[in-house]
Amino acid sequence: MKVTDHIEKAKGETLFSFEIIPPLKGRNIQELYGNIDPLMEFKPPFIDVTTSREEYVYIDRDGLLDKKLTRMRPGTVGICASIKHKYDVDTVPHVLCGGFTKEETEYLLVDCHYLGIDNVMALRGDAMREQQYFEPTKGGHPFAKSLVKQIQDLNCGKYLHEVIEADDCADFCIGVAGYPEKHLEAPSLKTDLKRLKEKVDAGADYIVTQMFFDNKKYFEFVAAAKDMGIHVPIIPGIKPIAVKRHLQLLPQVFRIDLPQDLIDAVDDCKNNKEVRQVGIDWAIQQSKELKAAGVPVLHYYSMGKSDNIKAIARELF
Ligand SMILES: Cc1cc2nc3c(=O)[nH]c(=O)nc-3n(C[C@H](O)[C@H](O)[C@H](O)COP(=O)(O)OP(=O)(O)OC[C@H]3O[C@@H](n4cnc5c(N)ncnc54)[C@H](O)[C@@H]3O)c2cc1C
């Protein structure tokens with residue numbers, strides 16, 4: 001079932017969902033299930049599974065370093081299929097421009113269709129670690145907008161090199177990313193919103209936001225998006241702070257601001273156990289206010305560990 005249909009069916013009730021990251025290559029999927037199991041009592045209608053792009057590794061061959069490209073966390077579509085069937089829940093694989101040719105994306109979408117996956121999240125992806133800026137993959141998409149268009153074309157039977165009329169066409173519901181504090185490369189929030197509108201005009205059905213820690217930023221973003229003519233659901237993404245290092249890391253990586261009260265509370269913590277609790281408490285307050293404002297879904301970034309998400313969900317769902 002589509003994410004947008006879940007939202008419609010909920011008739012204004014806020015839904016619970018979360019995002020997980022595939023395990024490192026070679027690790028067991030049971031660990032992932034161990035983190036999903038405790039969250040299923042809150043009845044998420046859908047679970048997102050991220051995709052990590054390829055990165056360079058250096059292999060020592062008799063003293064000489066061999067530079068190789070590899071994916072550390074492959075398996076997004078396989079994980080989506082296994083979760084979907086194990087828990088009878090919809091899954092949303094993240095599909096990236098970076099690291100994939102359009103043909104590879106087409107095959108991935110065909111796999112998703114065979115597997116009964118009804119939703120995909122269309123993302124550009126970040127620059128590779130060694131690059132300062134995002135460089136489009138040869139034969140791939142430069143921006144999420146054109147990836148959205150490819151998925152929409154496929155929904156109409158328009159494949160890259162042929163048009164195929166079939167009774168059982170793909171009909172993906174497409175999510176895209178939105179940034180309440182603007183995307184780090186965008187020259188202004190207004191320009192970024194124009195780009196977001198282009199993604200919606202290309203066929204995106206809903207938006208999931210980057211994490212934010214001040215709800216005012218989300219409310220202002222939703223209002224500005226409406227003014228811009230964006231009328232699809234905008235799902236807030238919530239990340240509980242979990243370690244002290246997040247105070248430096250999150251603003252640096254995502255170019256987001258942290259409220260002073262939150263910084264002070266984390267600063268006062270004697271250890272990361274206390275930080276985790278501050279993160280939970282903050283996310284609960286954020287979530288309560290967002291829920292009271294009638295957001296369609298509260299979507300949590302779990303980063304692999306679910307104990308804090310469970311503590312938050314228990315207070316809200
Ligand atoms: C909810 C969510 C989930 C995510 N999941 C993943 C994941 O699984 N894996 C992963 O690697 N990353 C993920 N990301 C990170 C995302 O890939 C990065 O933030 C990336 O840098 C931008 O992706 P995008 O889809 O927003 O790109 P785009 O929408 O393509 O925008 C990228 C930048 O280009 C600008 N832009 C867009 N169109 C144009 C144009 N025509 N001309 C000039 N500029 C333009 C935009 O303003 C923006 O600054 C996620 C982010 C969010 C918010």
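Trainee: Leaving aside neighbours within four places in sequence, which residues is T209 in contact with?
Mentor: This is a predicted model, where local features need pLDDT of at least 70, side-chain atom pairs count only at pLDDT 80 or more, and totals for chains, interfaces and linings use all residues. Residues are numbered from 1 along each chain as its sequence is written, and side-chain values use heavy atoms, without hydrogens and water. Contact means heavy atoms within 4.5 Å. On that basis, the partners of T209 are G178, P180, Y218, F221, I234, I235, P236, G237 and Y301.

Trainee: Does T209 count as buried or exposed?
Mentor: T209 sits in strand β8, residues 206–211 (a strand is a DSSP run of E, at least two residues, numbered from the N terminus). Buried means under 20% relative accessible area, exposed over 50%, partly exposed in between, with a 1.4 Å probe and protein chains only. Because its relative accessibility is 0%, T209 counts as buried.

Trainee: Which residue has its backbone nitrogen 2.9 Å from a polar atom of the T209 side chain?
Mentor: One residue in contact with T209 is also named for this pair. The backbone nitrogen at 2.9 Å from the side-chain polar atom of T209 belongs to G237.

Trainee: Which residues touch the most other members of the largest nonpolar core?
Mentor: A nonpolar core is a set of buried Ala, Val, Leu, Ile, Met, Phe, Trp, Tyr and Cys residues joined through side-chain atoms within 4.5 Å. The largest has 89 residues, and those touching the most other members are I20, I36, I83 and Y300.

Methods:
Helices (H or I, at least four residues) and strands (E, at least two) are DSSP runs, numbered from the N terminus. A polar contact is a pair of N or O atoms within 3.5 Å; within protein, one must be able to donate a hydrogen and the other to accept it, and residues adjacent in sequence count only if both atoms are side-chain atoms.
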